[in-house]
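This briefing is meant for a reader who is meeting the structure for the first time. Please look over the sequence and the model before reading on.

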Protein chains: 2
Amino acid sequence: VSASVNPDNFIINAVNSVEELQKSINALSKRLREWYSLYLPEADKRINDNEAFVNLVIKKDKHALLREFTVDESAGAELREQDLRPVLSLAKLIHALAQEKQQLEEYLEKTMQEHCPNMLTLTGALIGAKLVRGAGSLKKMALMRSSTIQLLGAEKALFRHIRTGARPPKYGYLMQHVMVQGAKKQDKGKVARALADKIFLAVRVDYFRGEFIGTKLLKELKDKIK
Amino acid sequence: VSASVNPDNFIINAVNSVEELQKSINALSKRLREWYSLYLPEADKRINDNEAFVNLVIKKDKHALLREFTVDESAGAELREQDLRPVLSLAKLIHALAQEKQQLEEYLEKTMQEHCPNMLTLTGALIGAKLVRGAGSLKKMALMRSSTIQLLGAEKALFRHIRTGARPPKYGYLMQHVMVQGAKKQDKGKVARALADKIFLAVRVDYFRGEFIGTKLLKELKDKIK
């Protein structure tokens, strides 16, 4: 009676966990920053990126960091070893969370390489996985129109549009795509639409196990939005 | 120009991190349960406790678990090793989070043993730390009335009471105390008040570095609410 498990399930579970790990990393990094600021408040102000912050805390001591910041004396306090240890331990844990997240992203990429290589080439692993999750499955996504794919992840804005007449959304998860991000504001909608058109084709080929046309589609897309 | 760091700061940062770790453990456990259920859905239904779930996933394989559940065949699917590995890796990470949380609780206990042993004896580390955080510092707490201590952590309910005339709260963080938990519904308010009276005394002794009277206070409290 074993249920058949579709790779879609792996993709959806993996991307859910990646997102949850990111949330935990953010929340715990905030705590780490507050705590470490008792000791060396200069670090929090200078280092915005959480991963960079965690790495510095783990790898460099106060003196090395002060030299790096070209500050003579910290406004923070000296801590006893026993009071510093739990802070460093928290930093190491956050580092482990970041590593786990990276490994999961690699797994996601590998799984999608097997299951939907054409879409992967266009979207990358994270956005592609979110699209599959939004659609419910690769099969359902292969039956969607391009305009529906374009709005996956924008369900809230779409319903707000229908209910209140607010402006309709132009993209959902595709907003995070590097090409949409890189487009001028007035072009973002157009780029998202061109991208969705190619994803539409890619997903059908993936679902019906056709040949690999990902690179060709990507090139056509790049030519179009040039 | 080093700022003086009060042990209050260690206590507040440690308890904040403990709470954040617990949130992460809960959220990631939910993801783990969903994911592992592709493989062995019987486990999620039978094991409610997250820590127990994580430990089983790490330590026992499918056959051992099915024997333990006295189930002949799982409704889940067989997974390839490469698809099972990330699930087990997530479980190990959650286990590491739980260990970190435990270590932090031990640090919290040790710090409070130095800083406020009398309160610690009455409240335990977690509730005591939340009270200090709610008050802002041990000093501020030492200047509070017993009735204010009783309502630390119930600020929302208190303002609702003032604004709307809803029933006033009887306790805040003290609600989580084993004695309040163990009291009959109609006695909980009384127990919380008796507990707050003793905490009031304990905190003043702690703040002014008086002798250890925690055990005596605890005994008096137990006699009173018997």
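Predicted model: local features only at pLDDT ≥ 70, side-chain atom pairs only at ≥ 80, totals over all residues.

Residues are numbered from 1 along each chain as its sequence is written, chains are lettered from A and ligands numbered from 1 in the order in which they are written, and side-chain values use heavy atoms, with hydrogens and water left out.

**How the two copies are related**

**The interface between chain A and chain B**

- The contact (heavy atoms within 4.5 Å) takes 39 residues from chain A and 39 residues from chain B.
- Between them the chains bury about 3,600 Å², with 57% of it on carbon and sulfur atoms; buried area here is the accessible area, taken with a 1.4 Å probe, that two parts lose on being put together, summed over both.
- Across this interface there are 15 residue pairs in polar contact, both residues being at pLDDT 80 or more; a polar contact is a pair of N or O atoms within 3.5 Å, where within protein one must be able to donate a hydrogen and the other to accept it, and residues adjacent in sequence count only if both atoms are side-chain atoms.
- The elements giving two or more residues to the side of chain A that touches chain B are helix H1 (7-36) and helix H5 (81-115) of chain A; helices (H or I, at least four residues) are DSSP runs numbered from the N terminus.
- H1(A) provides the largest share of that side, 14 residues.
- The residues on the side of chain A that touches chain B divide into 20 nonpolar, eleven polar and eight charged, where Ala, Val, Leu, Ile, Met, Phe, Trp, Tyr, Cys and Pro count as nonpolar, Asp, Glu, Lys and Arg as charged, and the others, Gly among them, as polar.

**A residue that touches both chains**

- Asn16(B) is placed in helix H1 (residues 7-36) of chain B, and at 10% relative accessibility Asn16(B) counts as buried (under 20% relative accessible area, with exposed over 50% and partly exposed in between, using a 1.4 Å probe and protein chains only).
- Not counting residues up to four places away in sequence, Asn16(B) touches Arg31(A), Glu34(A) and Arg133(B).
- The side chain of Asn16(B) makes a polar contact with the side chain of Arg133(B), at 2.7 Å.

**Salt bridges**

- Over all chains the structure holds 34 salt bridges (a side-chain nitrogen of Lys or Arg within 4 Å of a carboxyl oxygen of Asp or Glu), and the count between chain A and chain B is four.
- Arg80(A) forms a salt bridge with Glu114(B), with the closest N and O atoms 3.3 Å apart.
- Lys198(A) forms a salt bridge with Glu220(A), with the closest N and O atoms 2.7 Å apart; Lys198(A) lies in helix H12 (residues 188-207) and Glu220(A) in helix H13 (residues 214-224) of chain A, so the pair ties together parts 22 residues apart in sequence.
- Lys198(A) counts as buried at 15% relative accessibility, whereas Glu220(A) counts as partly exposed at 29%.

**Helix H7 of chain A**

- Eight of the eleven residues of helix H7 (residues 125-135) of chain A are buried, so this helix is largely enclosed by the rest of the structure.
- The buried residues of H7(A) include Ile127(A), Leu131(A) and Val132(A), and the buried residues of H7(A) pack against several helices of chain A, among them H1, H5 and H12.
- Gly136(A), whose phi is positive, near 110°, follows H7(A).
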